[in-house]
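Subject: Structure for you to look at

Hello,

Here is the structure I said I would pass on. My notes follow below it.

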Amino acid sequence: MIRKGSFKDIVSIMHLTRACAKVMIANGIYQWNEHYPNPSAFKNDIERNELYVLDFKGKIMGTIVVSTLMDKEYIPIKWLTKNENNIYIHRLAIHPNIQGQGYAQLLMDFAEHYAIEHGYSSIRLDTFSQNKRNQKFYELRGYKRLGDIYFPKQSEFPFHCYELVL
């Protein structure tokens with residue numbers, strides 16, 4: 001079940017994202033670390049009413065942020081649509097125990113349907129340049145790679161920005 005995240009979910013979400021980070025690091029993907037994601041990011045997502053979780057009988061197994069807020073890092077990117085009426089996806093995570101079973105697709109389907117139903121013009125996101133699996137995931141969904149941004153607290157490597165015009 002996909003539902004809105006709440007403050008009581010933050011501890012479970014942090015366990016989930018740490019498990020994901022551990023697997024990524026073991027695979028040489030240094031995308032998430034001790035600085036990110038962090039509880040304050042998820043608290044802000046909840047306060048903005050933009051955090052959703054994949055809940056399996058009371059156990060948080062996935063998360064996604066569907067936001068209308070454009071981060072300042074995105075400003076230099078030459079987007080396909082105007083910087084208005086866009087959705088931004090952040091912190092998509094599926095517990096490693098159930099990865100590869102279509103749950104990330106399910107959360108992205110949810111976000112894309114949400115954006116279409118609410119009349120948004122596009123969906124934007126970024127993914128780590130060293131995470132080839134994620135790049136393929138978004139490209140197969142029709143997202144177009146447009147440029148790179150940097151998050152120095154996360155990595156020296158860039159993050160690729162993608163957009164799907166709706």
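Leaving aside its neighbours within four places in sequence, which residues is I149 in contact with? This is a predicted model, and in it I149 is in contact with E73, Y74 and I77, with D126, and with P158, F159 and C161.

I149 also belongs to the largest nonpolar core, where I149 and W32 are the residues with the most contacts inside the core. That core has 26 residues in total. Two or more of them come from each of α1, α2, β2 (51-56), β3, β4 and β7 (159-165). The element that gives the most is α1, with seven residues. As background, nonpolar side chains in soluble globular proteins tend to be buried together.

The largest pocket holds about 1,200 Å³ of space. It is lined by 49 residues, and those closest to its centre are Q31, W32, H90, R91 and L92.

Seven elements are listed as giving two or more residues to the lining of the largest pocket:

- helices α1 (10-26), α2 (39-47), α3 (103-117) and α4 (132-140)
- strands β3 (59-67), β4 (86-94) and β5 (122-128)

The largest share comes from β4, with six residues. By class, the lining has 23 nonpolar residues, 17 polar and nine charged.

Regards

Technical notes: Residues numbered from 1 in each chain as written. Predicted model: local features only at pLDDT ≥ 70, side-chain atom pairs only at ≥ 80, totals over all residues. Heavy atoms only, no water. 1 Å grid on protein atoms, 1.4 Å probe; cavity = no way out; pocket = protein on both sides within 12 Å on 5 of 7 lines; lining within 4 Å. Points joined across faces, edges and corners; volume = space filled by probe spheres on them. Helix = DSSP H or I, 4+ residues; strand = E, 2+ residues; numbered from the N terminus. Nonpolar A, V, L, I, M, F, W, Y, C, P; charged D, E, K, R; others polar. Core = buried A, V, L, I, M, F, W, Y, C linked by side-chain atoms within 4.5 Å. Buried < 20%, exposed > 50% of the residue type's maximum accessible area, 1.4 Å probe, protein only. Contact = heavy atoms within 4.5 Å.
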